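These are my notebook entries on a structure that I looked up. I set down what I checked, entry by entry.

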Protein chains: 2
Amino acid sequence: MSSAQKRIQAVKQHLTPEQKYAQAVDPVASMNEERAKASFDIRALTLLMDGGQKQTDLKEKIMQELERDPLFKMDDIHDISKSELRERTMEKFRSMLHYLQNESVETFKKRMEIVSLIDPGFWTRFGVHYGLFVGALQSNATSGQLGYWFEKGALSLSNFVGCFAMTEIGHGSNVPGLETTATFDEASDQFIIHTPTLTATKWWIGGAAHSATHAAVFAQLIVKGKRYGTKCFVVPLRDPKTYNTLPGINIGDIGKKMGRDGIDNGWIQFTHVRIPRGYMLQKHTKVSRAGHVKEPKLQQLASRVTMVADSGHFSKKALSIAIRYAAVRRQFAGSNANGIETKLLDYPIHQRRLMPLLAQTFAMLFTGTEMTDMYNIMMSRLDGAKEGDEDLDEVIEILKETHSTSAGLKAFCTWNCLNTIEACRQACGGHGYSAYTGLAQMYQDFAVQCTWEGDNTILTLQLGRYLISCYRDALNGKKLSPGVGYLNNLDNLIGKKCQVKSLEELLSPEVIIEGWQVVCANVVRNAGIEFEENLKKGLQPDDAYEQCSQSRLYAAKLHSFGYLFNRFADGVSKISGSVHDILIKVCLLYGLYSIEENAGAFLQYEYFTPAQIEFVRSSVNKLCAEVREQAIPLVDSFNLSDYIINSPLGRKDGNVYVHYFEQVKRSNPQGEHPYFNRLIKPLIERDIGGGDYEDEEAGLESEDEDDE
Amino acid sequence: MSSAQKRIQAVKQHLTPEQKYAQAVDPVASMNEERAKASFDIRALTLLMDGGQKQTDLKEKIMQELERDPLFKMDDIHDISKSELRERTMEKFRSMLHYLQNESVETFKKRMEIVSLIDPGFWTRFGVHYGLFVGALQSNATSGQLGYWFEKGALSLSNFVGCFAMTEIGHGSNVPGLETTATFDEASDQFIIHTPTLTATKWWIGGAAHSATHAAVFAQLIVKGKRYGTKCFVVPLRDPKTYNTLPGINIGDIGKKMGRDGIDNGWIQFTHVRIPRGYMLQKHTKVSRAGHVKEPKLQQLASRVTMVADSGHFSKKALSIAIRYAAVRRQFAGSNANGIETKLLDYPIHQRRLMPLLAQTFAMLFTGTEMTDMYNIMMSRLDGAKEGDEDLDEVIEILKETHSTSAGLKAFCTWNCLNTIEACRQACGGHGYSAYTGLAQMYQDFAVQCTWEGDNTILTLQLGRYLISCYRDALNGKKLSPGVGYLNNLDNLIGKKCQVKSLEELLSPEVIIEGWQVVCANVVRNAGIEFEENLKKGLQPDDAYEQCSQSRLYAAKLHSFGYLFNRFADGVSKISGSVHDILIKVCLLYGLYSIEENAGAFLQYEYFTPAQIEFVRSSVNKLCAEVREQAIPLVDSFNLSDYIINSPLGRKDGNVYVHYFEQVKRSNPQGEHPYFNRLIKPLIERDIGGGDYEDEEAGLESEDEDDE
């Protein structure tokens with residue numbers, strides 16, 4: 001034994017019982033123990049999920065730059081006021097502009113993706129101009145108009161910050177129902193933008209309160225007394241030299257929100273505000289000098305594929321916190337543990353709380369990647385195609401499917417993510433309620449994702465409607481796009497039972513995929529039949545759809561489960577080696593968990609027997625235990641730096657208590673009592689009689705002391 | 001036609017299309033329309049739910065007093081800082097003391113119940129002293145000690161504010177595992193209170209940061225080197241004259257939380273702090289002058305029945321907002337609506353989102369009342385009973401059942417309530433994300449209920465463990481207490497199928513009750529069998545329980561569903577008349593919804609056939625539509641004043657937009673731009689070349705203007 005070892009042992013022998021205990025449950029040692037279990041190459045998984053070495057390098061470069069940038073200091077974020085937060089958020093604008101102007105679009109997108117993870121409020125504020133305002137120009141302006149506004153400074157932020165004024169206090173999802181009017185005045189060749197009622201007040205307009213000089217305003221086009229529906233107009237709001245609002249423009253601050261307080265949402269009322277005719281963006285509908293209106297033939301399709309991956313990214317952050325904490329937090333001593341408490345992660349029930357969510361996160365990440373790739377391929381095929389091309393129809397079908405599926409998945413995945421954040425928060429026990437552990441704010445910031453970019457319920461119903469129309473097309477013999485191709489196979493799927501010789505055969509992606517196809521075929525068909533019965537009752541199609549909305553919602557939800565599993569299984573099938581070995585477990589866990597969650601449907605349509613469902617349940621338990629063994633390596637593969645995670649409970653080194661305590665002390669420096677003299681002193685010193693009573697024994701009766 | 005009518009008509013004829021539209025969708029008229037649909041006596045339902053005229057009068061008196069008390073001003077609560085909020089919270093203490101000293105316990109409890117609904121942070125801060133600290137004295141002090149601390153000022157807050165120091169940063173649910181030590185020093189007849197490690201730091205201690213002079217500290221009793229487990233000690237923290245901390249006491253502020261920032265949670269470290277032996281509360285374990293320790297025979301049983309009703313009360317508040325808003329908010333015009341948009345409440349899917357939650361709220365309220373009544377009856381029978389009394393065993397069995405069931409229901413109902421608040425928030429669309437509509441803060445304040453007073457997962461597992469032990473007792477022939485009595489009937493229930501001649505017969509409480517008994521009997525039995533198999537494998541009982549925790553959780557969850565329905569159906573069966581007619585619908589809705597949510601279990605154990613489950617689904621749709629007709633009258637029966645609801649969207653008169661807009665303007669007064677000169681001016685005026693470009697046509701190409 002070396003003398004150093006001897007000294008260490010000597011020290012150990014002199015430890016108090018409490019110190020020995022502290023050593024046995026040392027969180028850093030607990031974390032190292034978990035990390036040592038890795039059965040696969042963590043770095044290889046990181047590269048795989050990021051899309052290659054170059055992408056990982058880029059991410060790491062951006063994470064480091066942000067961490068070192070004092071503007072992006074995030075550890076005091078919970079203790080600054082809304083005004084300070086907003087001011088600090090504005091301060092970041094300029095540094096982002098630098099990157100915007102000097103980086104490739106791809107690099108800048110990656111930067112914004114990382115920024116969104118650490119500062120969703122800033123991401124929104126920046127995104128309102130570059131995503132929404134510039135996006136509105138790109139979608140709605142003619143090339144000449146686009147050039148004009150870019151020259152005016154819309155791209156360089158020169159005397160120009162844009163905002164996006166669609167929502168009104170009384171109107172959200174129903175864009176055609178907006179009340180703001182844009183009336184063409186032939187005499188002056190101008191549009192008059194006007195807010196006719198209180199409910200027409202523009203509301204939630206990000207950037208309106210303090211940032212924007214111009215707005216992309218959505219208003220009812222009225223020409224010669226006739227209404228042409230909602231169009232987009234650029235309306236100057238403020239003098240860029242003084243930031244005073246222009247005549248007829250009234251703007252106010254929307255104030256405090258559940259989260260994202262860094263963005264200055266505002267309301268706007270227009271009172272007969274005149275703009276030149278050319279400020280109407282006329283890529284689609286055109287209004288001539290003489291007041292002739294020319295309407296477009298085709299409508300645009302939106303895609304929400306990025307929100308699937310975003311949900312995966314936020315889930316990664318939440319799970320990094322909850323799983324790392326569970327690897328070092330101990331609670332209750334088992335029967336053979338010599339008083340050493342058990343790690344949360346070793347409790348079967350805690351595995352049940354977190355491992356399926358970890359699996360679901362991988363499912364969302366794989367789906368996001370696969371969908372984005374497919375979407376990009378289709379878009380470039382579309383761009384390259386000419387009318388009459390053989391495969392144009394196919395491309396359009398796939399894009400329509402992507403549009404509808406991504407609408408449903410946006411809802412499905414943002415709900416999944418919000419629930420994951422909350423489940424992680426609760427899994428951290430009381431500490432999840434502290435602001436400094438990060439999950440509370442993450443919930444509050446993320447919550448809006450279930451509402452904006454399309455209310456989740458409405459989007460889910462849209463997918464349901466699409467599925468019904470696919471079902472009807474299939475009955476008419478139309479070949480559907482791959483994602484809904486199972487509806488071309490109804491005869492085979494309806495009534496099909498699982499054909500396995502042993503229960504163990506259930507543990508296969510093929511069986512799970514077939515199971516989801518059978519269940520989805522049934523629920524889509526039921527919704528379709530209900531819809532057609534409603535039509536037969538004489539309802540108009542829209543009403544017929546409303547009356548079967550619960551079935552639509554159900555069909556869309558189950559289709560999304562099945563879709564996610566398909567994409568995940570497809571992604572995993574392309575991988576090999578030790579990374580495949582762990583991912584296939586994670587994939588099976590997601591598949592069986594998704595079946596368990598929907599056991600009613602699998603039993604209802606008799607794809608599985610009760611005994612098979614019982615086996616699914618116990619297999620989920622087993623897979624949770626197996627994935628738990630690799631939980632820390634899997635979380636490590638997410639490769640989010642401590643700065644990005646911004647929670648002492650999610651620290652990579654596991655040293656949670658020291659850093660949590662330090663953070664709380666740093667954020668709450670000791671000072672004078674803030675209101676002792678004003679409030680407490682008069683309260684507790686008031687004269688109420690008595691109180692001089694003294695008793696050395698403190699009321700402990702001598703008869704209580706039976707020293708026999 | 002009178003001249004007044006003529007004038008009104010003349011005015012109407014001159015309305016612009018926008019004004020006519022505004023009139024057609026007037027929210028106040030929409031609300032009145034709903035209220036006029038009442039099929040039952042709203043007041044009668046209010047009295048029923050409150051427990052009689054006297055209770056309702058008292059509630060209304062308290063609501064009015066609070067509304068008029070400037071200290072309880074609540075409409076600016078979202079825009080004040082944490083420090084202001086805490087100071088204001090302290091200010092309310094004194095006014096509450098007045099009522100505490102002058103009202104009956106029952107009246108004061110009712111007052112606190114209402115206070116908790118409007119200001120959960122204050123309720124907590126006050127409750128920490130009167131509920132937790134005084135409660136700890138009452139549970140743990142001898143009568144002499146109780147008298148001593150009351151004389152010292154613990155009841156009158158004379159030189160005394162208490163806090164409750166149980167949780168440590170490293171230890172929450174496992175109270176026996178707390179690390180803080182209380183070592184008896186025989187020489188001085190004192191205890192030495194000490195924080196041996198960082199993880200032993202007392203954490204989350206409400207009132208510690210700025211309010212408390214004394215703490216009820218839970219620490220490991222050590223006498224003559226032997227540990228006796230966790231006991232309770234009163235430890236002075238601060239000099240009440242100066243509020244300086246006493247020697248050896250270090251206290252800090254826990255800072256920002258997800259919600260309830262009015263309460264000043266703190267951390268405490270003790271460094272060899274000496275207290276007299278008499279400061280150990282010795283009702284149960286006693287330590288004599290000579291260091292003899294006498295340990296108690298019986299442990300206390302806690303009851304969490306009040307948290308069931310509390311969950312009902314917060315759900316009422318959330319649903320008042322979401323349902324009233326849905327009655328006036330309109331979105332999309334139906335096919336025959338002349339452009340008048342449809343009320344959210346008229347959408348089947350919106351009914352599906354809110355009506356089952358409304359039914360669940362009634363279920364929780366009935367259950368809360370029934371359990372409280374039963375608990376009080378049993379407690380008075382227990383107090384009146386003597387050892388050897390015939391019915392003492394029965395009473396103890398029922399109390400044990402109440403203890404376990406209320407633990408499980410605390411979890412079940414607080415989760416229900418949190419989900420209800422979030423569902424209501426999302427059902428308000430974007431406005432649910434505004435602070436001023438109240439639901440965001442309600443979520444943030446309520447969230448902690450799922451963790452404190454016993455972590456929900458752990459409590460659910462406790463109920464699961466109790467159910468397994470009941471199952472085993474039943475096998476041994478023991479007669480169980482009524483709430484788990486179905487386990488005495490296993491032979492009859494296992495394998496039982498629903499015996500109805502027609503689907504319509506499913507719409508009966510008896511069938512639903514039987515269905516839940518069959519399903520619960522199966523899942524409890526499965527958990528019991530799994531537990532016994534684990535024992536046979538050689539596991540210790542505790543480990544055997546851990547290994548079947550998922551089955552325990554599942555059994556407890558289903559038992560809670562069935563229990564709630566039972567109590568609800570039982571309560572409704574005692575009512576008659578028009579109130580019964582509506583409540584029986586609400587009750588059936590809850591019952592069928594609860595079956596639908598757990599369709600997997602009902603199919604798995606073959607109580608229902610797939611066709612019957614399909615009928616349940618369509619019946620839930622129908623009942624949602626029927627209950628929707630009475631939704632506003634039902635919400636009105638909750639009888640929460642606009643002040644208590646504190647949300648412009650939940651206003652009784654339906655005038656939501658006017659008041660929401662006013663609130664936002666009042667809370668965000670216009671002022672100078674906060675950072676224009678410092679940040680915006682240099683950003684948007686920086687010289688980047690170009691920008692002088694002017695173009696009257698704003699880039700609208702002349703070739704785009706085809707005036708043919």
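Predicted model: local features only at pLDDT ≥ 70, side-chain atom pairs only at ≥ 80, totals over all residues.

Entry 1, annotated domains. I looked up the UniProt record, whose unreviewed entry places "domain: Acyl-CoA oxidase/dehydrogenase middle" at residues 163-273 of chain A. Positions from UniProt are given in the numbering used here, feature names are shortened, and annotations may be inferred rather than shown by experiment. I found this span to be 0% helix and 44% strand, with its end C-alpha atoms 17 Å apart. Helices (H or I, at least four residues) and strands (E, at least two) are DSSP runs, numbered from the N terminus. From the unreviewed entry I also noted "domain: Acyl-CoA oxidase C-terminal" at residues 509-684 of chain A. That span is 80% helix and 0% strand, and its end C-alpha atoms lie 68 Å apart.

Residues are numbered from 1 along each chain as its sequence is written, chains are lettered from A and ligands numbered from 1 in the order in which they are written, and side-chain values use heavy atoms, with hydrogens and water left out.

I recorded 166 residues of chain A and 166 residues of chain B in the contact (heavy atoms within 4.5 Å). The buried area (accessible area, 1.4 Å probe, lost on putting the two parts together, summed over both) is about 13800 Å². Carbon and sulfur atoms give 56% of this area. Y433(B), Q604(B) and I684(B) supply 6% of what chain B buries against chain A, more than any other three residues.

I counted six salt bridges between chain B and chain A (a side-chain nitrogen of Lys or Arg within 4 Å of a carboxyl oxygen of Asp or Glu). One of the pairs is R678(B) with E91(A), whose closest N and O atoms are 3.3 Å apart. Helix α6 (residues 82-102) of chain B gives the largest share of the side of chain B that touches chain A, nine residues.
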